[in-house]
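Subject: Two-chain model for you to look at

Hi,

Here is the model I promised to pass on. Please open it in your viewer first, and then read my notes below.

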Amino acid sequence: MNIVLWAGVAAVGGVGSVLRFMVDRAVASRMARSFPFGTLTVNITGAVLLGLISGLSLSYHVALLAGTALVGSYTTFSTWMLETQRLSEERQVWPAAANIIVSVVLGVAAAMLGQWIAGRL
Amino acid sequence: MFAYDRRELIAVFAGGALGAVFRAGLAELAAPDPARWPWPTFTANIVGAFLLGYFTTRLLERLPLSSYRRPMLGTGLCGGLTTFSTMQVETLRMLEHHHYGLAIGYTVVSITAGLAAVYLATALVRRVRVRR
């Protein structure tokens with residue numbers, strides 16, 4: 001990877017994080033506080049997008065920027081884990097378990113959906 | 001819509017840019033292979049979960065409130081370093097190639113290790129506080 005590509009990864013990755021921040025806040029402010037709907041929305045929409053991108057035959061550079069940098073940064077594993085751990089700490093055992101199960105089931109289904117869409121394009 | 005604090009957005013952008021570069025650098029180390037354990041994604045995710053547990057607990061419970069440290073280190077750096085979408089697509093690839101055990105193992109171990117990392121980092125910060 002050359003320096004221009006690395007700079008591109010940084011810039012696009014920064015944009016992905018800002019998008020996550022905005023979507024998370026927009027969703028979380030409209031939904032119940034008791035469940036992390038914001039992160040769930042970000043992660044599931046991101047899984048659809050990455051399934052779509054990986055289903056298209058893109059060049060290495062485009063796949064790196066759009067997939068790894070943009071969508072990779074847009075979704076998050078760390079916040080998903082933190083929010084789940086904090087729910088269980090507050091003895092919200094069912095919301096914590098639901099956050100894991102719903103994310104995993106919808107996550108793989110979302111990636112499949114994205115790939116299916118890519119196949120129709 | 002919301003009134004966004006421009007400096008907060010810049011903090012998220014800067015942290016996210018750095019996190020994405022670290023993650024992309026890790027991804028360069030191993031070619032994607034649905035028959036193998038995805039070490040780059042796994043490492044980024046677990047390290048990022050530990051760091052987020054550490055930063056969040058320390059910034060919220062120990063240090064004086066700052067407006068920009070949390071968006072930069074938590075939302076930006078840890079959010080950009082870790083990824084959910086790549087993990088799901090990797091799991092889907094494993095399932096498509098009939099590596100069912102690997103797919104289940106990858107999902108279960110990632111979640112278990114991720115939760116343990118957050119728990120450990122949180123306990124570490126809180127233990128230091130109790131001692132003082």
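What share of the contacts in chain B with a separation of 6 or more comes from residues 24 or more positions apart? The figure is 79%. For chain A, residues 24 or more positions apart make up 71% of the contacts with a separation of 6 or more. Please keep in mind that this is a predicted model.

**The two chains**

Chain A is built from five helices and zero strands, and its pattern along the sequence reads α-α-α-α-α. Its C-alpha trace spans about 50 × 30 × 25 Å along the principal axes. Of the 121 residues in chain A, 50% are buried.

Chain B also comes out with five helices and zero strands. Its C-alpha atoms fill a box of roughly 50 × 40 × 30 Å along the principal axes, and 48% of its 132 residues are buried.

**Where they meet**

The interface brings 43 residues of chain A into contact with 42 residues of chain B. On the chain A side, two or more residues come from each of helix 1 (3-28), helix 2 (37-55), helix 3 (60-74), helix 4 (78-89) and helix 5 (93-120). Helix 1 of chain A contributes the most, with twelve residues. Sorted by class, that side of chain A holds 23 nonpolar, 18 polar and two charged residues.

**Helix 3 of chain A**

This one is worth a look. Helix 3 of chain A has 15 residues and reaches 19 Å from its first C-alpha to its last, close to the 21 Å expected at 1.5 Å a residue. Eleven of those 15 residues are buried, so helix 3 of chain A is largely enclosed by the rest of the structure. Among the buried ones are Leu64(A), Leu65(A), Ala69(A) and Tyr74(A). What do the buried residues of helix 3 of chain A pack against? Their partners are helix 1 and helix 2 of chain A, together with helix 1 (6-28), helix 3 (69-81) and helix 4 (85-96) of chain B.

**The nonpolar core**

In soluble globular proteins, nonpolar side chains tend to be buried together. Here the largest nonpolar core has 59 residues, of which Val9(A), Ala69(A), Ala49(B) and Val118(B) touch the most other members. Leaving aside residues up to four places away in sequence, Val9(A) touches Leu64(A), Leu65(A) and Ala69(A) in chain A, and Ala20(B), Val21(B) and Ala24(B) in chain B.

Best wishes

Methods:
Residues numbered from 1 in each chain as written. Chains lettered and ligands numbered in written order. Predicted model: local features only at pLDDT ≥ 70, side-chain atom pairs only at ≥ 80, totals over all residues. Contact = placed C-beta atoms within 7 Å. Helix = DSSP H or I, 4+ residues; strand = E, 2+ residues; numbered from the N terminus. Nonpolar A, V, L, I, M, F, W, Y, C, P; charged D, E, K, R; others polar. Expected span 1.5 Å × (residues − 1). Buried ≥ 20, exposed ≤ 12 C-beta atoms within 10 Å, placed from the backbone. Core = buried A, V, L, I, M, F, W, Y, C linked by C-beta atoms within 7 Å.
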